[in-house]
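Have a look at the model first, then read on.

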Amino acid sequence: MILALVSTAAVLVALRLDREPELPPGVPPQPAAVAVDPRIDPVVATAPEPTPSGISRSIAPALRDPALGELTGMISDSLTGQVLWTRDPGQPRIPASNDKVLSAAAFLEAMPHDQRLTTTVVAGDNGQVILKGAGDPTLSAQPADADTFYTGPGRIADLAAQIERAGLPVTSVAVDLSAFSGPTMDTTWDRRDIQGGDIAPVESVMVDGARLEPLDEYSPRSPTPGRMAGEALAAALGVEGPVTEVTAPAGDRVIAKVTSAPLVTRVNDMLRYSDNVLAETLAIELSVHRGGPPTHAGGVDAVEQVLSSMFPEQWAGTTLQDASGISYANRTTPELLDAVMTAASGPSRPALRPMLDGLPIAAGTGTLADRFPATTPGAGWVRAKTGTLTGVSSLTGIVQTVDGRVLSFALMSGGTSPADARPALDAVVGQLRECGCR
């Protein structure tokens, strides 16, 4: 009886607590909860067209900032392809990581968007297993349920689980790096950038982009990525002893395999985080796909061949030393960068359209997350690839104006500190967002 009374009292109290309080007369009722509509409204094709004079007038004040240094650039209407503003657009400049815009265009134009790479483990002699790479640096050593830096990668943990299910007693682990050949570092790269986190020797077996801290974008990289990957597999299998490098005999039995994310996902990871290692391996993948050599030089040649055939009129002045942009020997023009971005955001080359998803969003994602403060024009409306080296700052992308028109742009600045040049470039693009530019 006492328990029943207590239970009844608890129900009455709960009902009183859940009941909405009575409001004084004249107070409007609480509005309904806001519903989120996840649809993306397409850009209206009939949005007012900007004019060259409107563009020039809108960005003129921002262009006077001395922090821009020596500025060259081009701005176009994505829908029509009309060039709306230029400043020395054919002058070859160091692009820094805007080089990745060119590389991404070549990858998406020339390879299937659903292409994947397969990393295998083959059985060697005397209980040895051999980790054989195919050039996928996104393979992750993170545990099965842990976060990874790259999107949807294959995992060492999956390979280890497959090996254990095969029932093969494992005594040692080796790596086969023969899928790539030639130098693993370009002659113009600085080996100090390995410790600095910008690059690693480009080998056909890597885990987590050779990052020593797998989730840290700026982590130092390993100087021996292939061996690091082999050690990750050995640790997952509980195997002690040194990891060696071997060439697996043809026809050896495959006992485990994992695949990478599709090409388009890997390209967008490269753009979003400006990942140099991923850019260089994708270039070699392109070379192999086209029947070329699995080398760094072959990858650069393949990018140049694809791009020069895509944009023959804008190609003059471009020479590439790498696919990532960390070399000071790279040269390209705002004209070519803008042509690529106009093609990606307009109707002329639909194969390039997916790269827009990978471009960092101003004040939102990737390398633009800490640029375009949220209260400034352009925040949330600009998608662009950044490029930074000492004395070099570039920005290539698209912006939607307040009238709903999409503009492409390529701006290349030099001779001033990137810390000063970057906000000055952002201010120019922010004015494009604010203007109807008519």
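## The cavity

A cavity here is a set of points, on a 1 Å grid over the protein atoms alone, where a 1.4 Å probe fits but cannot get out, and lining residues have an atom within 4 Å of a point. The model is predicted, with local features needing pLDDT of at least 70 and side-chain atom pairs pLDDT 80 or more, while totals for chains, interfaces and linings use all residues. Residues are numbered from 1 along each chain as its sequence is written, and side-chain values use heavy atoms, leaving out hydrogens and water.

Around it sit F180, S181, G182, P183, V202, I284, P294, T295 and H296. That lining splits into five nonpolar, four polar and no charged residues (Ala, Val, Leu, Ile, Met, Phe, Trp, Tyr, Cys and Pro are nonpolar; Asp, Glu, Lys and Arg charged; the others, Gly among them, polar).

## The sheet

Five strands make an open antiparallel sheet, ordered β2-β1-β10-β9-β8. Strands are DSSP E runs of at least two residues, helices H or I runs of at least four, both numbered from the N terminus; pairing takes at least two DSSP bridges. β2 (83–87) and β8 (382–389) are at the edges with a single partner each, so one side of each has no neighbour in the sheet.

β9 (392–400) and β10 (406–414) pair antiparallel over nine bridges, with G397 opposite F409 in β10.

Key. On a 1 Å grid over the protein atoms alone, a cavity is a set of points where a 1.4 Å probe fits but cannot get out, and a pocket is an open set with protein on both sides within 12 Å along at least five of seven lines; lining residues have an atom within 4 Å of a point.
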